[in-house]
Amino acid sequence: MMDLKKLRMERRGRFWGEVTPYLGYVIQSGVAVLLLFMLIAFAAWYTSLVQHIPAGLPIRWIMLILFVPLTVNSSFRTYLQPADTVFLLPQESRMNDYFKAGWTSGVVYKLIGLALVFILSWPLYVRSDADPKSFWPFLLLLFALKILASYGCWKELRMVSRRASAGYRLLRYVVLILAVAAWLWQPEWRSLLFIVLLALTYIAALRIPAKHLVAWERLIAVEKTHSARVMQILGWFVNVPGRQQRVYPRRWMSWAGNRVPWKPEAAYRYLITKSFVRSDVFSIVIRAGILAALLVWWTRQGLLGSGIYLFFVFVIGVQLSSLLRYHQESFWLHIYPVPPASRKQNAVNLAFQIQLVVAVLIWLPMLGAGSGRIGPMLLTLLGGVVISVLFRYFQSRKGKSDDDDDDDE
């Protein structure tokens, strides 16, 4: 009989053995210094905020927005491979031994992160809320909700019907939002009673849909997505081998790219546009833009709003830089009459145009500050444009250097 626990440990070690050599390049790229600078700046700002809390700070809404995503989002690394549908299928009845370690580690690591964020936010919460909850009950409740969400996520992955899986994913968000909101706004014992009844109802509902013993294809697809995201993050700093990414249909965005001229030098623009709207990066940019707009609106009266705006323009630029690595290893691009020089240029131009549009859109909430701050608002917008231009400049140079390296080979 195959030792499934040992097999998973070997696969986990093999994956991180591929990733670890790139971490040195990430550190050399200056990201460690940037993160240290951002940590120092955040510590100074947060200390000042705790010492001088604005009147009427909506702390309960802040805690709700902060902790619902942290508790509801769940993921598991299985390290499954396409060939497992053949070679591990005879072991299907014993696969719980394989998955147990992944489920445990996937929950434990996230509980540690959740605890760190909670401890960090506690001084602001306890000084801002007129009737704050106790420390340990609050933390233990978040732990329990995180475990509940992870349990629900695992059940969703095993559901036979994809529509049922999507519906229960939405239900998981609703349950967690109601639970956290009840705890923040209601007395402790009343809210605990409501949360327990809600959790029991949710667990009972999870038993209804039909489930696979092992959802091989779905788990393999999810694992490919997780692996591709790790490589995508590393790809911001160093060239890494391409990994398959999840493709989303998004029919409501099917019009994107349809107005690109039908000529060889614009062919890659059409391809990269269609690829972008069907990728994970598109949803990341949308979510980051919405969050940035909300935070900019909330802090529009001061320099903090400008800092948040410039930070999100930078983050979105980093995300869009992954467009330069799309289809790098595509065989078909060497067959079709696509000019090689047009690939990098089209990707750089598209990333720049998207970043510039997003920079303008997330700046618009600043107009709510009134005409009295028109000068700082325009300077903030100019800063966002400058960041976008700098991204285009450095990406163009990087693209040229990569092309030169390819020519030398």
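This briefing describes a predicted model of one protein, from its overall make-up to single residues.

The protein has 14 helices and zero strands, where helices (H or I, at least four residues) and strands (E, at least two) are DSSP runs numbered from the N terminus. Residues are numbered from 1 along each chain as its sequence is written. Because this is a predicted model, local features need pLDDT of at least 70 and side-chain atom pairs count only at pLDDT 80 or more, while totals for chains, interfaces and linings use all residues; side-chain values use heavy atoms, with hydrogens and water left out.

**Confidence**

- The mean pLDDT of the protein is 83, and 86% of its residues reach 70 or more; pLDDT is the predictor's confidence in each residue, from 0 to 100.
- Residues 404–409 have a pLDDT below 50, and this stretch has zero contacts in the model beyond near neighbours in sequence. Contact means heavy atoms within 4.5 Å.
- Where pLDDT is low, the predicted coordinates should not be read in detail.

**Overall make-up**

- Along the sequence the pattern reads α-α-α-α-α-α-α-α-α-α-α-α-α-α.
- Of the 409 residues in the protein, 43% are buried. Buried means under 20% relative accessible area, exposed means over 50%, and partly exposed lies in between (1.4 Å probe, protein chains only).
- Among contacts with a separation of 6 or more, 81% join residues 24 or more positions apart.
- The protein exposes about 23100 Å², and carbon and sulfur atoms supply 68% of that area. Accessible areas come from the Shrake-Rupley method with a 1.4 Å probe; for residues, only the protein chains shown count as cover.

**Helices α5 and α6**

- Helix α5 covers residues 95–128 and helix α6 covers residues 135–158; the two pack at an angle of about 145°, with axes 10 Å apart. Axes are lines fitted to C-alpha atoms, for helices over the stretch in contact, and angles run from 0 to 180 degrees between N-to-C directions.
- The crossing of α5 past α6 is right-handed. A crossing is left-handed if the near helix is turned anticlockwise from the far one by less than a right angle, and right-handed if clockwise.
- On the α5 side, the residues in contact include Phe99, Trp103, Leu111, Phe118 and Trp122. On the α6 side, they include Phe138, Leu142, Ile147, Ser150 and Trp154.
- The residues of this contact divide into 18 nonpolar, one polar and two charged. Ala, Val, Leu, Ile, Met, Phe, Trp, Tyr, Cys and Pro count as nonpolar, Asp, Glu, Lys and Arg as charged, and the others, Gly among them, as polar.

**Residues within helices**

- Alanine 199 lies in helix α8, residues 188–206. Alanine 199 is buried, with a relative accessible area of 16%. Its C-alpha atom is 7.6 Å from that of leucine 148, 51 residues away along the chain.
- Glycine 307 belongs to helix α12, residues 303–320. Glycine 307 is partly exposed at 38% relative accessible area.
- Asparagine 346 sits in helix α13 and is buried, with a relative accessible area of 11%. Asparagine 346 and alanine 266 are 80 residues apart in sequence, yet 7.5 Å apart from C-alpha to C-alpha.

**Residues in loops**

- Tyrosine 79 is in the loop between α3 (59–72) and α4 (84–87). Tyrosine 79 has a positive phi of about 60° although it is not a glycine. Most residues other than glycine have a negative phi. Tyrosine 79 is buried, with 6% relative accessible area.
- Leucine 367 is in the loop between α13 (340–363) and α14 (374–408). Leucine 367 is partly exposed, at 44% relative accessibility. Leucine 367 and arginine 300, 67 residues apart in sequence, are 8.0 Å apart from C-alpha to C-alpha.
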